[in-house]
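I opened the notebook to look up ring pairs and helix packing. Notes follow in the order I took them.

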Amino acid sequence: MAVPELAATSPFTALPAPRILPRLAGVGLMVLSLACMGFMVRQAEKSAGFVANKGTLVVKRCEEQGSGGRYSSAVHDVCFGSFRADNGRVVHDGAGLRGWYATGEKVRVYREGYGYQPVSWRFFWGRLAFFFAGLLMVAFGLVIAAAGHRTRTVGESRAAWEVLRRKSVGPYISWLFRVGGAGTAVCAVLTLAWS
């Protein structure tokens, strides 16, 4: 007689039959993660300074600004100053930048639309950390798509890994998890080191 309490921890947990809906959800997760990864690569590139409209913002004053609706409010710091482009042609005296900086501080920024974003290694490594976290989500989507169901317990996860190890895609998924995890950890440490 099977004991229901031990079924979730058994290494012999039976997996449900693969279904099409979880496989489509896994593919959708992969596509969404790849789109987010592409966005984060572009943002990391901009944070490293590989973008037009770079310049220096000289901070004149900083203040807290609130935004939000009826049920929530968010307070963030905004500093205002004068922006001068590297080519010397663009000068904007009412430039605003999120964050708190010392008065008179010169901050490297780039202009994007009507806003300004900092050019710094801290933001570069932070955005790369999100890139590698997206790689983890791609691997997770691959697991769902290959297994054909979403695992809910530890036993089901182990059983799904055993099934995937027998498939040709198994080693690639393992490497995606390793690279994504290591990359996220390294970039997170570098982000903290540059702050």
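I count rings of Phe, Tyr and Trp (its six-membered ring) as a pair if their centres lie within 6.5 Å; planes under 30 degrees apart are stacked, over 60 edge-to-face, the rest tilted. This is a predicted model, so I note that local features need pLDDT of at least 70, side-chain atom pairs count only at pLDDT 80 or more, and totals for chains, interfaces and linings use all residues. Residues are numbered from 1 along each chain as its sequence is written, and side-chain values use heavy atoms, without hydrogens and water.

**Rings**

I found five aromatic pairs. The ring centres of Phe83 and Tyr116 are 4.8 Å apart with planes at 50°, so I logged this pair as tilted. Phe83 sits in strand S2 (residues 73-85) and Tyr116 in strand S5 (residues 115-118), 33 residues apart. Strands here are DSSP runs (E, at least two residues), and helices likewise (H or I, at least four), numbered from the N terminus. Both Phe83 and Tyr116 are buried (under 20% relative accessible area, 1.4 Å probe, protein chains only).

Phe131 and Phe132 pair edge-to-face, at 5.2 Å between centres and 80° between planes. Phe132 is buried, at 18% relative accessible area. I also noted one aromatic cluster formed by Trp121, Phe124, Trp125 and Trp194.

**Helices**

I checked H2 (residues 20-47) against H3 (residues 121-147): their axes come within 8 Å and cross at roughly 165°. Axes are lines fitted to C-alpha atoms over the stretch in contact, with angles from 0 to 180 degrees between N-to-C directions. That makes H2 roughly antiparallel to H3 (over 145 degrees).

Key. Buried < 20%, exposed > 50% of the residue type's maximum accessible area, 1.4 Å probe, protein only. Parallel < 35°, antiparallel > 145°, perpendicular 65-115°, else oblique.
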